[in-house]
Amino acid sequence: MIELEQPVEAGHEMRAEIRRISNRTRARRVATSRVMVLLCAVALTLAAVPLALLIYQLLKNGVPVLNKAFFTTVPSTPTLIAPNATGGVSNAIVGSIALNIYASVLAIPVGVFVGIYLAETESKLATTLRTIAQTMAGAPSILMGLFAFSFVVHDLKIGFSALAGSFALAVLMLPVIILSSEIAVRNVPATLREAGLALGAKPHKVSMRVVLPSALTGIVTGAILALSRAVGETAPVLLVIGGGFTNTWGLLNPVSALPLSIFENAKSPWPSQRAQVWGVALVLVAFIFLVSLTARIWASRKQQVRN
Amino acid sequence: MEQKTMADMQSKTATTESTNRGPIAMQLRDVAVSFHGRTAVRDCSFDVAKNKVTSLIGPSGSGKTTLLRALNRLHDLTPGAKVSGQILLEGVDTYRGDLTVTELRTRVGMVFQRPNPFPTMSIYDNAVSGLRFNGVKKKALLDEAAESSLRSAALWDSVSTRLKVAASNLSGGEQQRLCIARALALDPEVLLMDEPTSALDPIATLRIEELMTSLKSRVTVIIVTHNMQQAARISDDCAFLLMGEDRAGELIEFDTTEKIFNNPIDPRTLDYTLGRFG
């Protein structure tokens with residue numbers, strides 16, 4: 001038996017002293033708390049003002065140039081007689097959608113499988129792949145453009161095309177998808193995997209039927225975030241898609257893209273073309289907003305079903 | 001030290017005696033488990049009587065769960081884990097015999113400490129998941145197995161109208177019974193239970209305990225428990241493990257639950273069952 005030390009009865013003076021000190025401490029903490037809240041409010045304002053200004057500018061300048069022709073016609077070059085004949089940007093809208101669908105088809109399956117592999121094995125190859133993915137995730141995006149140019153456009157002699165552009169975007173998306181899939185799979189509780197194994201399932205079956213479905217929300221969210229990043233990228237497609245002026249879904253045709261259209265038209269000597277840039281930017285931002293909103297709603301729904 | 005050796009001898013005698021008490025489901029012969037060369041549990045030799053409940057008791061760190069997980073080879077995928085000695089299922093060596101690890105696991109089912117139904121599957125899909133993992137696809141067969149295993153787990157009446165609902169909608173106790181149903185669907189000979197009620201409230205615990213007793217006629221149960229009253233209430237045989245001086249768990253005594261709780265050979269067993277430590 002362990003003898004417990006008897007608590008010493010605190011004297012009256014001692015208790016008064018303790019109360020005084022704790023009251024003083026409390027007062028000081030309340031004051032500190034107020035200052036911190038104020039600092040947070042200031043920081044929030046500093047962060048929110050540029051963002052609000054940007055959205056305001058985007059709406060103010062973007063909305064007026066949006067009309068039916070903007071979405072349905074291809075660009076034309078303004079002339080001195082018709083300085084406002086900019087045409088629309090349907091080629092860039094179609095091009096962007098095509099590029100990102102092809103890039104997703106290329107990158108998502110490969111990325112998800114590599115991510116699962118990284119999460120499920122601990123080999124030297126896995127460590128190497130993870131390091132490469134982490135490095136690639138931080139690489140400047142123009143690098144993907146250069147790579148696609150020298151490899152797809154030049155070496156494979158495919159030329160300026162949607163294929164080259166989607167290849168560049170796929171390379172850009174790949175590390176993001178790999179790393180987010182790996183995390184999603186790793187976050188599946190080990191007890192679920194054990195439950196599967198304890199039922200006599202082979203390890204690969206546990207991966208496909210138990211782990212993968214449980215990780216799906218995380219995997220899809222990661223893929224959509226990678227996609228929404230790719231949609232807005234200019235640099236990877238700049239050198240390789242050729243800036244086509246027609247609406248085409250063809251893999252081997254030169255295409256345009258929303259970010260590229262901004263890049264080109266912002267340099268235009270025609271004020272009408274420069275004004276149109278805001279409309280394109282608005283469409284682009286709205287598109288990214290919708291994509292990530294969908295991802296979030298989908299993920300939270302899935303989460304709710306589970307809990 | 002002297003005392004321990006004596007107790008070891010005596011408990012070995014007890015083991016031999018216990019083999020005369022009816023058919024044996026599993027036999028453990030000098031079973032030891034180590035991780036990266038560090039022994040976690042050792043010296044475990046006892047027979048698990050068929051259609052009885054055998055409990056593994058002992059304080060934290062005594063290797064109960066580690067020993068239990070050796071019985072369905074769950075340590076196989078843990079890097080650095082090594083199981084030595086012999087574990088026999090119906091006389092067949094489970095590690096070196098003809099038995100494949102997947103077949104072993106269908107014959108020796110497991111229920112875990114926390115209810116872990118598959119969250120992306122419905123109640124029905126959970127119940128038949130083991131069958132599906134093992135290639136059963138025929139719907140009539142799955143339907144029948146789902147109903148009979150859910151009935152065996154005393155869950156059918158409360159879930160029969162909502163079989164397609166996600167398993168995560170069930171309460172903790174119901175989830176644990178679903179996990180029992182999931183294991184029973186494969187019609188195992190042995191059911192390993194790793195503190196199956198430690199995450200449940202007293203009423204849910206009672207229902208699981210009643211369930212175990214009713215399942216005895218068709219399955220041999222080996223249960224790890226921290227709860228001494230539970231071991232006394234539900235088990236027929238009892239293995240007492242304790243952490244040795246080198247922090248490795250070892251079997252101190254194995255006997256009928258009645259003897260372990262009323263008249264144990266080793267004084268440490270008595271100290272533990274009386275709640276003097278642990």
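# Exercises on a predicted two-chain model

Chain A falls into domain 1 (2-65) and domain 2 (90-306). The model is predicted.

## Exercise 1

Task: determine how far apart the C-alpha centres of domain 1 of chain A and domain 2 of chain A lie, and how many residues of each are in contact.

Solution. 
- Step 1. The C-alpha centres of the two domains of chain A are 40 Å apart.
- Step 2. Contact between them involves four residues of domain 1 of chain A and seven residues of domain 2 of chain A.
- Step 3. On the side of domain 1 of chain A that touches domain 2 of chain A, two residues are nonpolar, two are polar and no residue is charged.

## Exercise 2

Task: identify the residues that touch the most other members of the largest nonpolar core, and list what A:Met173 touches.

Solution. 
- Step 1. The largest nonpolar core holds 148 residues, and the members touching the most others are A:Ala164, A:Ala168, A:Met173, A:Ile177 and A:Val240.
- Step 2. Helix H6 (residues 162-186) of chain A contributes the most to this core, namely 17 residues.
- Step 3. Leaving aside residues up to four places away in sequence, A:Met173 touches A:Ala103, A:Ala107, A:Gly111, A:Ala226, A:Leu227 and A:Ala230.

## Exercise 3

Task: describe the side of chain B that touches chain A by element and by residue class.

Solution. 
- Step 1. Chain B places 22 residues in contact with 19 residues of chain A.
- Step 2. Two or more residues on this side of chain B come from each of helix H3 (101-107), strand S6 (108-111) and helix H4 (123-133) of chain B.
- Step 3. H3(B) supplies the largest share, four residues.
- Step 4. The side of chain B that touches chain A comprises eight nonpolar, 10 polar and four charged residues.

## Exercise 4

Solution. 
- Step 5. Together with helix H8 (residues 202-215) of chain B, S7(B) and S8(B) form a right-handed β-α-β unit.

Methods: Residues are numbered from 1 along each chain as its sequence is written. Chains are lettered from A and ligands numbered from 1 in the order in which they are written. This is a predicted model: local features need pLDDT of at least 70, side-chain atom pairs count only at pLDDT 80 or more; totals for chains, interfaces and linings use all residues. Domain bounds come from an automatic or database domain assignment. Two residues are in contact if their C-beta atoms, placed from the backbone, lie within 7 Å. Ala, Val, Leu, Ile, Met, Phe, Trp, Tyr, Cys and Pro count as nonpolar, Asp, Glu, Lys and Arg as charged, and the others, Gly among them, as polar. A nonpolar core is a set of buried Ala, Val, Leu, Ile, Met, Phe, Trp, Tyr and Cys residues joined through C-beta atoms within 7 Å. A residue is buried if 20 or more other C-beta atoms lie within 10 Å of its own, exposed if 12 or fewer, and partly exposed in between; C-beta atoms are placed from the backbone. A crossover is right-handed if, with the strands pointing away from the viewer, the path from the first strand over the helix to the second runs clockwise.
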